[in-house]
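Hi,

Here is the structure I promised to pass on. Have a look, and below it you'll find my notes on what turned up.

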Amino acid sequence: MNRLGIMGGTFDPIHYGHLVAAEMARSEFNLSKVLFIPSGKPPHKDRRDISEAVLRFEMIELAIQDNPAFDISALELERKGPSYTVDTLRVLRRTWPEHELYFITGTDALREIFSWREAEEILTMTEFIGAARPGFDASDFLLQVQQEHPETQGRIHYLEVPALAISSTDIRTRVKRGLPIRYLLPEPVRHFIQQYGLYTTEGNVF
Ligand code: ATP
Ligand code: MG
């Protein structure tokens, strides 16, 4: 059976942490494709100043254009209201019936998955790949899963990747402070940020 990787997130902006996690997951789990799905209104984020969806979407396009195994979906942007992973997975199961789904997260997001809406249901629909993220050790979480959620046996995977302490928050802060962001994200994305003056002022609506 083919395997489809799913990489959800705000991607404000997309950076090498996302790309490395997706690429290592693709290779390690033999995924035929990884679909980047930028969220509309993320239920877990209280930031009101998230960049416009079109801008985040375009930055992802620029970042993945040279990888034939990477693709992007506007499915969460087209939906009204907050994006819930469970709804996204229902759509993907219908769209990709011949595929097993693998949801890729960093270990920070992995540790939170049981707080997601309809978590039990989610775990019947997709496997999880948690890519190592500096500062977010997952070993306690994985032990706890073994003990408290034996039904998920073998469906939550930890993936060691060359760890990158890069975050979108840090990139936004750097831009605001006039600090460099080169080498933290693909050059076309950096140029895009410059061109549109993203993240430059406090409370910027972009
Ligand atoms: P923000 O700082 O705005 O939260 P972020 O860098 O955490 O941004 P998100 O869009 O929140 O990026 O993350 C999308 C997904 O990518 C999440 O599953 C997150 O854990 C994962 N991810 C982000 N950065 C990294 C990284 N450096 N290494 C591994 N996974 C990452
Ligand atoms: Mg995040």
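Let me start with Glu 76, which counts as buried because its relative accessibility is 8% (buried is under 20% relative accessible area, exposed over 50%, partly exposed in between, with a 1.4 Å probe and protein chains only). Glu 76 sits in helix H3, residues 75–78; helices (H or I, at least four residues) and strands (E, at least two) are DSSP runs numbered from the N terminus. Leaving out residues up to four places away in sequence, Glu 76 touches Ile 37, Pro 38, Ser 39, Gly 40, Ser 83 and Thr 88, where contact means heavy atoms within 4.5 Å. Ile 37 is 39 residues away along the chain, yet the two C-alpha atoms are separated by 6.8 Å.

Some housekeeping: this is a predicted model, so local features need pLDDT of at least 70 and side-chain atom pairs count only at pLDDT 80 or more, while totals for chains, interfaces and linings use all residues. Residues are numbered from 1 along each chain as its sequence is written, chains are lettered from A and ligands numbered from 1 in the order in which they are written, and side-chain values use heavy atoms, with hydrogens and water left out.

Now the overall picture. The chain has nine helices and six strands, and 46% of its 206 residues count as buried. Of the contacts with a separation of 6 or more, 78% are between residues 24 or more positions apart.

- The Asp 12 to Pro 13 peptide bond is cis, with omega near 5 degrees; Pro 13 lies in the loop between strand E1 (2–9) and H1.
- Asn 30, in the loop between H1 and E2, has a positive phi near 55 degrees without being a glycine, and is exposed at 63% relative accessible area.
- Tyr 199, in the segment after H9, also has a positive phi, about 65 degrees, but is buried at 4% relative accessibility.

Cheers
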